[in-house]
Amino acid sequence: MKQRAARTEMKQARDAFLRSKPRSRVPHEFVLDALEPIGLVTKPMFGCLAVYVREKIVLILRDHRDHLADNGVWLATTAEHHDSLRLEFPHMRSIQLFGTPVTSWQVLPSDAGDFEESALHACELVLAQDPRIGKVPGRRSVTRKTGTAKMTSRTAKKKTRTVMKKR
């Protein structure tokens, strides 16, 4: 009987702690306001806030105390679009957090003088469904050894199972 009471007390204390935990503030909330008409979904990711439009991840909003250079709005894009996007966003660059010189993720740094203007322009491109911004996560990845594309998504695994069942 004592054990049951002790477990109940612990559960109540834990629930009270979780309820009283303050919600994280949304970084660069004005971006979400600008994208409201498109019907977006947000998900926490790596301590940031990922922004999805349908199945595509389009942006990540970041404002951390560490790695300040990568704070801002991250654009989900590919290397083939970097040059054309850089014409529209002169301060855009690859994020530095991953330690590689060029990444698909490009950041509009929050410490740039034109940050808000650039972020709102990125929102306009997302609203216009610009094909340079947005990627379907887990669709394909390139293996380092062979350089070939490999299916990695849950959808791909389902397709494989379906094909195998039909045989």
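Leaving aside neighbours within four places in sequence, leucine 75 is in contact (heavy atoms within 4.5 Å) with Val58, Leu59, Phe89, Met92, Ser104, Trp105, Gln106, Leu108, Ala122 and Ile133. The model is predicted, so that local features need pLDDT of at least 70 and side-chain atom pairs count only at pLDDT 80 or more, while totals for chains, interfaces and linings use all residues. Residues are numbered from 1 along each chain as its sequence is written, and side-chain values use heavy atoms, with hydrogens and water left out.

**Overall fold**

- The chain has 5 helices and 8 strands, these being DSSP runs numbered from the N terminus (helices H or I, at least four residues; strands E, at least two), and along the sequence they follow the pattern α-α-β-β-β-β-α-β-β-α-β-β-α.
- Of the 167 residues in the chain, 32% are buried, where buried means under 20% relative accessible area, exposed over 50% and partly exposed in between (1.4 Å probe, protein chains only).
- Among contacts with a separation of 6 or more, 48% are between residues 24 or more positions apart.

- Helix 4 has 13 residues and reaches 18 Å from its first C-alpha to its last, close to the expected 18 Å, a span defined as 1.5 Å times one less than the number of residues.
- The buried residues of helix 4 are Phe115, Ser118, Ala119, Ala122, Cys123, Leu125 and Val126; seen down the axis, they fall within an arc of 160° (taken from the directions from the helix axis to the C-beta atoms), so they line one face of the helix.
- The face turned away from the buried side of helix 4 carries the exposed residues Glu116 and Glu117, whereas the cover over its buried residues includes helix 2, strand 2, strand 3, strand 4, helix 3 (82–88) and strand 6 (105–109).
- Just after helix 4, glutamine 129 takes a positive phi of about 55°.
- Proline 131, in the loop between helix 4 and strand 7 (140–142), counts as exposed at 62% relative accessibility.

- An open sheet is formed by 6 strands in the order 1-2-3-4-6-5, with antiparallel pairing, two strands being paired if DSSP finds at least two bridges between them.
- Strand 1 (40–45) and strand 5 (93–94) stand at the edges with a single partner strand each, so one side of each is left without a neighbour in the sheet.
- Strand 2 and strand 3 pair over 5 bridges, with leucine 61 in strand 3 as the bridge partner of leucine 49.
- Strand 4 is joined to strand 6 by 5 bridges, with proline 109 in strand 6 as the bridge partner of glycine 72, while strand 5 and strand 6 pair over 2 bridges.
- Both faces of strand 6 are covered, with Trp105, Val107 and Pro109 buried on one side and Gln106 and Leu108 buried on the other.
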